[in-house]
Amino acid sequence: MSQPVLQVIAASTRPGRKGLAVARWIARQAEQHGGFDVEVVDLAEVGLPVFDEPNHPRLQQYTHQHTRDWSATVARADAFVFVTPEYNHSLPGSLKNALDFLHTEWADKAAGIVSYGGVSAGLRAATALKPVLAALRVVPVVEAVSIPFFAQFLDEDDEFVPNSELEVGAKAMLGEIDRLTGALRTLRA
C-alpha cells in the first residue's frame, strides 16, 4: 500500500499573505515525519471563484472545469492540514468557499488545523472551521498548532522559524493524523 497523501492547504489568498510560509513549514514537518506523501495546496493558486455550481456538491455533477480540477485534487488526498489565519473572528472566506465546492471528496479523512494570528493565535478561526469539517465528515484531530503573534517567527526572508513548542505540537498533530488515516482509509475502501 502506498503512503497516504497529506495535503497542506494554505487558506489565505490575499496579496502579501504570510501563511504560505507557515504551510511550507508544516509541510517540511510532515515530510520529516515520514508517514506521508506531502502536497502543499495553495488556495490562491487554485483560484476558485465564489461557488458557482448549479447542482449540490453531493451529486458530483460538476459543470465547470475548475470544480472538476478541484475535485480531483481533494479526492487524491487521504488527509489534510488546514493552515488558516483568523479573519474577523472566523475562517477566511476563501477556505469556506473551497470547502463548499465539494462534498464526497472530503469525507472520511483526518485533518489537522494550524491556526495563526495575533494574541488569539487564530483559535476562533479553528473553532469556526471544526463544525464545517464535521458536516463534511472530515475528522479533525484534537492535537493542533496555534501560533500567536506569528510574525515573530518570520525571519528576514519571510521563512517561518518556529520555537520548540510549535515543533512539538506539529509532531503530535501529525502523529495523530497518521494514526487515524489508516483507519479512515478502510472506511473509504
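Is phenylalanine 160 buried or exposed? In this predicted model, phenylalanine 160 is buried, with a relative accessible area of 3%. Its ring is paired with that of phenylalanine 153, the two centres lying 5.7 Å apart and the planes standing at 50 degrees, so the pair is tilted. Phenylalanine 153 likewise counts as buried, at 10% relative accessibility.

The count of aromatic pairs comes to eight. One of them joins phenylalanine 51 and phenylalanine 101 in an edge-to-face arrangement, with 5.1 Å from centre to centre and 90 degrees between the planes. This pair links distant parts of the chain, since phenylalanine 51 belongs to the loop between helix 2 (43–46) and helix 3 (65–75), whereas phenylalanine 101 belongs to the loop between helix 4 and strand 4, 50 residues apart. Phenylalanine 101 is buried at 0% relative accessibility, while phenylalanine 51 is partly exposed, with a relative accessible area of 33%. Elsewhere, Trp70, Phe80, Phe82 and Trp106 come together in one aromatic cluster.

Turning to charged side chains, the structure holds nine salt bridges. Among them is the contact of aspartate 42 with arginine 17, in which the closest N and O atoms are 2.7 Å apart.

Aspartate 108 is buried, with a relative accessible area of 16%, whereas arginine 137 is partly exposed at 45%.

The salt bridge between lysine 96 and aspartate 100, at 2.8 Å from N to O, is contained within helix 4 (residues 93–100), where the two residues are four apart, about one turn of the helix. Both partners are partly exposed, lysine 96 with a relative accessible area of 32% and aspartate 100 with one of 31%. Finally, Asp78, Arg185 and Arg188 are linked in a network of salt bridges.

Note on methods:
Residues numbered from 1 in each chain as written. Predicted model: local features only at pLDDT ≥ 70, side-chain atom pairs only at ≥ 80, totals over all residues. Heavy atoms only, no water. Salt bridge = Lys/Arg side-chain N within 4 Å of Asp/Glu carboxyl O. Buried < 20%, exposed > 50% of the residue type's maximum accessible area, 1.4 Å probe, protein only. Phe/Tyr/Trp six-rings, centres within 6.5 Å; stacked < 30°, edge-to-face > 60°.
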